[in-house]
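Please look at the model first.

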Amino acid sequence: QRADWSRLYTTLSQRLNHEDDDAERARIAKRMAIIASDEMQDETRALEAWKRALRYVPDDPEVQQAITQLYQKTGKWHALVDFLNAQINQTSEDQTDKKVALLFRLIEIYQDPDRIPSPDMVVKTYQRISDFSPTNVQALDSLAVEYEDRKRWRDLIQVLQKRIQITDDAIESLDLFMQVADLWIERMANPSQAIPFLEQIL
């Protein structure tokens with residue numbers, strides 16, 4: 001039975017090589033991938049087939065998700081990072097939400113001790129999210145925690161100032177003004193810079 005599926009996979013591969021229409025190429029490659037995965041239990045061939053499909057339909061969510069899942073299942077984390085970054089780079093500038101969602105998936109990989117643990121890449125990726133989406137509260141708050149842990153006071157001040165600009169909550173604003181003023185006084189030894197923030201509190 002498995003030999004029959006293998007022959008069908010090979011036949012489809014040969015047919016794909018002689019097909020000129022991209023939509024049909026993608027359909028054949030998807031079928032090959034499903035056969036390899038479901039019938040042959042061959043994750044390597046399945047991944048190869050999904051990658052072939054991706055050439056013809058690079059924006060197809062089904063193909064992107066299948067490749068992502070196979071990388072996760074096989075523990076190919078570096079390849080997954082490259083794949084996610086490629087998707088981010090290929091995503092148009094007006095699709096901010098998609099870019100941000102992909103970046104948060106990268107953070108999950110960098111935060112997991114069993115994948116590619118990298119605190120520095122966590123920070124850099126939060127910075128990328130903030131660049132793409134300056135009002136993303138989760139990214140700004142996470143950066144604030146990371147900068148405080150690293151005693152990067154100037155960077156922390158800049159992040160808190162961004163948070164001040166996007167908050168509509170009066171109590172939260174006062175707390176943020178106080179945090180920035182305290183940093184200028186206690187951490188940066190520059191009380192004069194704290195005055196504008198203290199004035200906001202008063």
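## Y126 and its surroundings

Apart from neighbours within four places in sequence, Y126 is in contact (heavy atoms within 4.5 Å) with F104, I107, Q111, A139, S142 and L143. The model is predicted: local features need pLDDT of at least 70, side-chain atom pairs count only at pLDDT 80 or more, and totals for chains, interfaces and linings use all residues. Residues are numbered from 1 along each chain as its sequence is written, and side-chain values use heavy atoms, leaving out hydrogens and water.

Three aromatic pairs are present, a pair being rings of Phe, Tyr and Trp (its six-membered ring) with centres within 6.5 Å. F104 belongs to helix α6 and Y126 to helix α7, so the pair ties together parts 22 residues apart in sequence. Helices here are DSSP runs (H or I, at least four residues), numbered from the N terminus.

## Helix α4

| Feature of α4 | Value |
|---|---|
| Residues | 61-74 |
| Number of residues | 14 residues |
| First to last C-alpha | 20 Å |
| Expected at 1.5 Å a residue | 20 Å |

The buried residues of α4 are V63, Q64, A66, I67, T68, L70 and Y71. Their cover includes α2, α3, α5 and α6. After α4 comes G75, with a positive phi near 70 degrees.

Terms used:
Phe/Tyr/Trp six-rings, centres within 6.5 Å; stacked < 30°, edge-to-face > 60°. Helix = DSSP H or I, 4+ residues; strand = E, 2+ residues; numbered from the N terminus. Expected span 1.5 Å × (residues − 1). Buried < 20%, exposed > 50% of the residue type's maximum accessible area, 1.4 Å probe, protein only.
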